[in-house]
Amino acid sequence: MKYSAITLCFIMSSLLVLLLASRARASQPDIFTVKVGDIEVSMLSEVQRDGSPDILIGASKADIEKFMPDRSYKSAVAAYLIKSPEDVVLVDTGFGREIERNIKSLGLQSSDIRALLITHSHGDHIGGLLKDGGAAYPGAKVFISKLEYDWSAQVRESLAKYGDSVELITPGTLDAPGPEIIKGVTPIAAYGHTPGHTIFLVESKGEKLMIWGDLTHVMAIQAPRPGISVTYDSDPDQAASVRKSVLKFVSDNKIPVAGMHIAYPGIGDILPDPDNLGGYKFIPSAK
Ligand SMILES: [Zn+2]
């Protein structure tokens, strides 16, 4: 069999692209796991990327120069898997592009997911609810705040495929989380990013982790300046007020946090920032 020079060149360049793509995937970690008492929480990454400060509301030029001098920041799209002795739970579903693959690489199947906790109804969180027109997690009971469900026609349409396995919840507050929906997991209202945005406190054997959904999108500037919101926030003022409260709460109580848009590893600690009054530092967990 003979190949022309052009065909050979095409084959060689295709092989090179495949090789580079596989290397890029190998060097790009997708999963990061921490222990919270008896519970394992894993970040399942779908996207890791650099973002632009154009989405910020009210950031001064000086703040941008100080906290993101090259005018870009690290961001992500992720879901979180909670694996306890009793349950396998997924918090959000990402766009639905890579989460199933990540679940499989943990030795699980989509059908193993017993509960889905939805922080809110934007496409990068509920895009994976459906697969081939049906429920992507057919064995799961879905928990979502009633406010969010009532607000979003898109989520109501997707959740129709889950039939009567949908439970509408009323999240608690920082001072009184709950009621517990899954053993060790309590919902807390964090409205503002969307009208029913909900965050989840995971607790086991005295250890805690706050999975805070979209409380922040740009950690580089929203940790030191929690009053800065983004254009994705439905109510920027309410979002800023809630961000300040939650940051203070986790900092005061030394509760690590996990966020859907925090760059890999997606999990870390919040400490007061002595250089920025009312601001905080995010210290990523050791990778
Ligand atoms: Zn989001």
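**Note on salt bridges, core and backbone**

1. Glu65 counts as exposed at 51% relative accessibility (buried is under 20% relative accessible area, exposed over 50%, partly exposed in between; 1.4 Å probe, protein chains only). Helices (H or I, at least four residues) and strands (E, at least two) are DSSP runs, numbered from the N terminus.

2. Please read everything here as a predicted model: local features need pLDDT of at least 70, side-chain atom pairs count only at pLDDT 80 or more, and totals for chains, interfaces and linings use all residues. Residues are numbered from 1 along each chain as its sequence is written, and side-chain values use heavy atoms, with hydrogens and water left out.

3. How many salt bridges does the structure hold? The total is 13. One of them pairs Lys74 with Asp50 at 3.0 Å, N to O. This pair links distant parts of the chain, 24 residues apart: Lys74 is in strand 4 and Asp50 in strand 2. Lys74 is exposed at 58% relative accessible area. Asp50 is partly exposed at 49%.

4. Lys141 and Glu167 also meet in a salt bridge, at 2.7 Å, N to O. Here again distant parts of the chain are linked: Lys141 lies in strand 9 (residues 141-145) and Glu167 in strand 10 (residues 166-169), 26 residues apart. Lys141 is partly exposed at 36% relative accessibility. Glu167 is partly exposed as well, at 31%. Elsewhere, salt bridges that share partners join Asp30, Glu98 and Arg101 into one network.

5. The largest nonpolar core has 26 residues (buried Ala, Val, Leu, Ile, Met, Phe, Trp, Tyr and Cys joined through side-chain atoms within 4.5 Å). Val41, Tyr80, Ile82, Leu117, Val202, Leu209 and Ile211 have the most contacts inside it. Which strands each supply at least two residues of this core? They are strand 1 (31-36), strand 2 (39-51), strand 4 (73-83), strand 5 (88-91), strand 6 (115-117), strand 12 (198-204) and strand 13 (207-211).

6. Ile211 deserves a separate look. Leaving aside residues up to four places away in sequence, Ile211 touches Val41, Tyr80, Ile82, Val91, Ile199, Phe200, Val202, Ala258 and Met260 (contact means heavy atoms within 4.5 Å).

7. Check the bond between Tyr264 and Pro265. It is a cis peptide bond, with omega about 10°. Pro265 lies in the loop between strand 15 (257-258) and strand 16 (267-272).

8. Asp132 has a positive phi of about 50° although it is not a glycine. The residue belongs to the loop between strand 7 (130-131) and strand 8 (134-135). Asp132 counts as exposed, at 78% relative accessibility.

9. Lys254 is another non-glycine residue with a positive phi, near 55°. Where is Lys254 found? Lys254 is in the loop between helix 8 (236-252) and strand 15. Buried or exposed? Lys254 is exposed, with a relative accessible area of 73%.

Notes. Salt bridge = Lys/Arg side-chain N within 4 Å of Asp/Glu carboxyl O.
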